[in-house]
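Have the structure open as you read.

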Amino acid sequence: MSEVTVLLREWRGGDARAMDQLLPLVYDTLRHMASARMRQAAPSATLQPTAVVNEALLRMLGRDADWNDRAHFLAIAALKMRAVLVDHARARAAEKRGGAPTFVTLSQADAQAGNDAGIEVLGLHLALEQLADAEPRAARALEMAYFGGMERDEIAAVLGVSVPTVDRDLRFAKAWLNKALA
């Protein structure tokens, strides 16, 4: 069992000191996750990875801890980062009244295909909501891969499925999104 998992369980058990020990261990990983998502952002993007991580942590820490291990914690962080990016994109679009949207890439989902096509955050968000209605597990896998930068084995652990199942879900989700966003 990893040190992060032990600290998460201690924190969930009520040990406030565990959180103080946990944050330095996971902060760099979370920042790397956010940075990977934003590396391909449009030059006008004003949001920084540190701000994404800080906002995601505030959203996570303000509620009851309900994670089992490191992979589950990172999956929840990925969801919170998605929410931060979507909220930021909505605010920018509202400010500019339909002006230039924030672009990011589906780097994790496109890694096997070698595709670096940019996808607008709000369009991706809406398409992911539709995908979640049709295939919830595939949508969650894609969220964890894309917004969380999680590896296939970590996603498999969180979803309770095999790595080949995650691979199939990611291929399906990518194809579904390509069609939905075309």
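Helices here are DSSP runs of H or I with at least four residues, numbered from the N terminus. This is a predicted model, so local features need pLDDT of at least 70 and side-chain atom pairs count only at pLDDT 80 or more, while totals for chains, interfaces and linings use all residues. Residues are numbered from 1 along each chain as its sequence is written, and side-chain values use heavy atoms, leaving out hydrogens and water.

Now for the pairs. Side chains of opposite charge can pair when their charged atoms come close. We'll call it a salt bridge when a side-chain nitrogen of Lys or Arg sits within 4 Å of a carboxyl oxygen of Asp or Glu. That rule gives 7 salt bridges.

Start at Arg-59, which meets Glu-55 in a salt bridge at 2.9 Å, N to O. The two are 4 residues apart in helix H3 (residues 49–61), so about one helical turn separates them. Arg-59 also has a salt bridge with Asp-87, with the closest N and O atoms 2.8 Å apart. Asp-87 belongs to helix H4 (residues 70–96) and Arg-59 to helix H3, so this pair ties together parts that are 28 residues apart in sequence. Put together, Glu-55, Arg-59 and Asp-87 form a network of salt bridges.

Next, go to Asp-169 and Arg-137, a salt bridge whose closest N and O atoms are 2.5 Å apart. Asp-169 is in helix H9 (residues 163–181) and Arg-137 in helix H7 (residues 136–146), so the pair links distant parts of the chain, 32 residues apart.
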